[in-house]
Each structure stands twice: as C-alpha cells, then as structure tokens.
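Biologist: Please walk me through how to read a few features of a model.

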Amino acid sequence: MNNLVKYPQEDHEYIINGGILIYDYNKKFGSTLNSLNELNKKMEDSKELIMEREKSVKLGEMIVEMENKNKIIQEKLLDMEKKNMYVREEFLNKEIDMKTRLYNEYDEKIKKKDEQILSIRDDVIKKEEAKYNYLKKELEMERENRKIEINRIQEWLNTEKSNNEYLKKRFEIDLEREVSNQTQCYKEELEELKKKNQEYYDKYENKNKGKIFEEEFYRKVEEYNDKEEGNKWKISHVGSKYGGMCDIIFQHKDTGQIILVESKNNLEKNPVPTKDVDKFYRDVLDKTNNAIGGIIISTAKIQKKRSFEREVVQNKLLIFISHFSLNNIGQLFCNLEYIIGENQIHNNELSKEERNELLVKQFDYYIDEGNFHKTRSKRAFDKSEEIREIYYKLNQEDIKILKNDEKKVEKVKKKKEKEKNEEKKEKKEINFQELEENCDKVRKINNEKQTKFYLKYKNELGEIIMQYFSDNHKMEKKLEKIKDEKKEIIMHSINKKRKKIKKNDETVNNIKINTILN
C-alpha cells in the first residue's frame, strides 16, 4: 500500500484490479503447471519402468492411456495459454498507458528541474566569477605586497651582508690584535720563565753556581744593611781572591770587630762536605785575620752539623746555619749581633797559659793526624809547623823541644813510679809460714802452689782452714759464700779495686775543641 503513494489517486483502483487479476491467473494455472511438470517427471520415470518391463503388456496399455491423457492435457493447456495471452495483452496495454502518462509527467518535472538547475548554475557561475575576480584582485595585491616585502628583505639582506663583512673584518682585526697581545704576553712569560730557569741553573746546576750565589747573597746583605741596620756594618766581598779568608768580611763600624761569613750553595743531595767545614775552621782561627768569630751558611745540610749549631773554639764563636734562605737575611744579622754580644761578655784575650795550652793541643792534633792519615799528612805537618812558628813568636821557645822535654820528664816520672811500685811489692812480700801457723788444714792448688790470694777462716767444726786461690775473683766468691754461711773469717788477701772507665768530657778532635772555654 505504501507503494501506491507515488501514483495518482485515480489510478489506485486500476492498479489494484490488475494485480488481483494477475494473482488469480498465477494461482490457477501455476499449480497446473506444477502438476504438469510433476507429471512429466512421472512420465519419464514411467518410461523407464516401461523400458524395464517391456515384456509386460500391461505397461503398454498404460502408456497408451497416458498418451491419450497427455493429449487431453495439452489441449487444455493451449486453451489456457490463449486466455492468458488475452488477459496479459489487456493488462499490458493499461500498464503501458499508465507508464506513458507517468513518464510524461516525470519528463515535465525533469524539464522544470533542469530549468531550475540552469538558473541556479547561472547564479553560481556569476557568484564564482565575482569571487574569482575578487580573489584575483586580492592575489594581485598580495603579489605586489610580496614583491615589496621581497625587495625590502633583499635590501635588509644586503645591509646584513655588508654588516657581516664589516663585523668579520672587525673580528679578524680584533682576533689578530688579541692573538698578538696574547702572543706577546706568552713571549714575556716565556722570557721570565727562561730567566728563572737560568737563575735556577746558575744557582744549582751551573759550575759557577757558588760564585753567582755569593754575588746575589752579597747584594741582599748590602740592601739589608742599608735599609734595616742603618749601614752600621762595613761589608767586604773577598770571595776566592785571598787565601785564608771567607767569602764576606763583616766589620762593625762602632767596635771595629771583624766576623767572617762563608756562603755555600749546595743541593739537598750534595751537602757541604767536611773538608769545606775544616777550611772554614782554619780561616776563622787564623791569627792574621783578627776575627772574633765566623758564620757558615748553606742552602743545604752541613755534614756532621745540626740545622743550627754554635761552637767556641780558641775563644772564637763559630755558628753553623743549614737550609739558609736568601729571603731570611735578617737571621744572619741577628747572629752577627749575637757574636758581638758574646764577645763583649767574654774577654777577648786568653791568658798566656790557656793560649799555650790550646796551641799545644792543636800541635798534638796535627802531628797525630799526619801520622795517622797518609792522605792528609803533608797538610797536617804544614799546619803543625805553622803552629810551631806562632808558638815561637809568642813564647820565644820551640814547641818541639818543649814536647821532647815533656816526654823526658814523663819517662823519668814513669821510671820513678815503677821503682816505687817495686819497692812496695818488696815490702808487701807474703810470709807463708806465719800465715799457715796454727792452721788445722791448708788447702793449696796446682801442685802445692802458694799464691798471693788466700783466705783464712773457721769451719763448722771450729777448725782453722787456710785456702789459696788462683785469682782474686775466686777468692772474693769464696769470701762471700763464707759470709753468707756466717762463718768466722780470720784473714784474707787485699781485694783489688776495679778501675771504672771514665768518659773524657774533653775531646780534641780535628781543630774543634768544644769544651775548652765552656
């Protein structure tokens, strides 16, 4: 029913009637056709049966009957087809008329729609043309603006390019200037490092490092004396020009007293050797320089000396300073003042006896050193001759003759002592008969040998025993045992006192006499 809506109201009845007619026809003849089809199938089956039963006569009759029936049915079918054709033609004519009328109506509607579409298309075309023209104008304007912008950007790029070139040149100029400045700084720093390296080489590696250090040390001392000490010291740089002198001579301008200073620039692995220390002793103790003392400084260790050590030799104060730094020049001047003060406290002149005693000890030392050290014999004997000359100038007496006289006196003394000892021994001869009187038992050793070591005592039974020993030690042991047993001791030999070995405080070693004035 919904399908009839699209058709006109006046055609609804016609359409319904035509549909009913077709429906009845199909219902009536459709079942017949179906039955005919079924019958045809049966007939085909029956034909097969007939062929199977050819011998059967009845089958033939049935076939005849069926053929007759089939003819009748075919005739009926032909009649029905004719009727159907008639009905179909009528229905189709009506349907064609209806569709033709519907087509015409639809054709008119389509024409109207086409006209509407054409008018709409024209309107759209006009609108699109207007829009196109508008957009075209906008694009042209935009293109012009873009061209202007491009020109502006191009100008800006040209300006930036010129600026970049300027900045590049400026950067290159600044870079070159900075590099040159930095290079100059590095060159100056390199030169300074070379100077420092050369200074280090001169101080510690160069063969003339001692001389270079002396010159720098002398310059520092002069500066300190001028700035800090009020130039109260007269300083003379002697170096190695004169023998028997140290590197620098300090003379106090007020008192006129002289102090010798020796400087040594050594590495830590190579300390100041003892031969340089001995030379320092000889230089300071030399009578010709009139020095009251001396100081030896070293940038390294001084062998056989502490970091700071002082000695008094022949009434002269000697100071040894290890690990000295040029930045601590004040330490040197403090020690100079100390030597001046000590010299004022202690009288600068020795008594004649003390002076002669010192010269004799020095003479003995050099003689012993010459006899003992073959490598130093010549130098030692030369020094002994120098002391001999000094002693003669001071005392008008030869020290060798004096020593020989002393040796003779000692020999005489020894001889007299020996004689006295022999007399004492003779006096102290033991009378063994008197010892052994009233003794109940006498115990001797080594084949009835009587010795000077004896012990006379009473035993537990009250018997008097006389016993001899081979040495004093055994006698002492026996004596202690009897004392412990609380036996009566009548007599025993004199105990020998053991001599204790005393350590001499005074040592005369090399030229250093440490305890002469202490």
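Biologist: Which is Phe-320, buried or exposed?

Modeller: Buried means under 20% relative accessible area, exposed means over 50%, and partly exposed lies in between (1.4 Å probe, protein chains only). Phe-320 has a relative accessible area of 0%, so Phe-320 is buried. This is a predicted model, so local features need pLDDT of at least 70 and side-chain atom pairs pLDDT 80 or more, while totals for chains, interfaces and linings use all residues. Residues are numbered from 1 along each chain as its sequence is written, and side-chain values use heavy atoms, without hydrogens and water.

Biologist: How is the ring pair of Tyr-281 and Phe-320 described?

Modeller: A pair of aromatic rings is described by the distance of the centres and the angle of the planes. Rings of Phe, Tyr and Trp (its six-membered ring) pair if their centres lie within 6.5 Å; planes under 30 degrees apart are stacked, over 60 edge-to-face, the rest tilted. By this rule there are seven aromatic pairs. In one of them, Tyr-281 and Phe-320 have ring centres 5.8 Å apart and planes at 50°, so the pair is tilted. The pair links distant parts of the chain: Tyr-281 sits in helix H4 (residues 274-285), Phe-320 in strand E6 (residues 316-321), 39 residues apart. Helices (H or I, at least four residues) and strands (E, at least two) are DSSP runs, numbered from the N terminus. Tyr-281 is buried, at 1% relative accessible area.

Biologist: Which residues do ring pairs link into a cluster?

Modeller: Tyr-224, Trp-233, Phe-250 and Phe-333.

Biologist: Which residues form the nonpolar patch on the surface?

Modeller: A patch takes residues with over 30% relative accessible area and no salt bridge, joining like charges within 9 Å and nonpolar side chains (Val, Leu, Ile, Met, Phe, Trp, Tyr) within 5 Å. A salt bridge puts a side-chain nitrogen of Lys or Arg within 4 Å of a carboxyl oxygen of Asp or Glu. Here Ile-153, Trp-156 and Leu-157 form the patch, with about 290 Å² of accessible area together. Leu-157 lies in helix H2 (residues 57-205) and is partly exposed at 40% relative accessibility.

Biologist: What does Gln-396 have in its phi?

Modeller: Most residues other than glycine have a negative phi. Gln-396 has a positive phi of about 55° although it is not a glycine. Gln-396 is in the loop between helix H7 (377-395) and H8. At 55% relative accessible area, Gln-396 is exposed. Lys-486, also not a glycine, has a positive phi near 60°. Lys-486 is exposed too, at 77%.

Methods
Accessible areas come from the Shrake-Rupley method with a 1.4 Å probe; for residues, only the protein chains shown count as cover.
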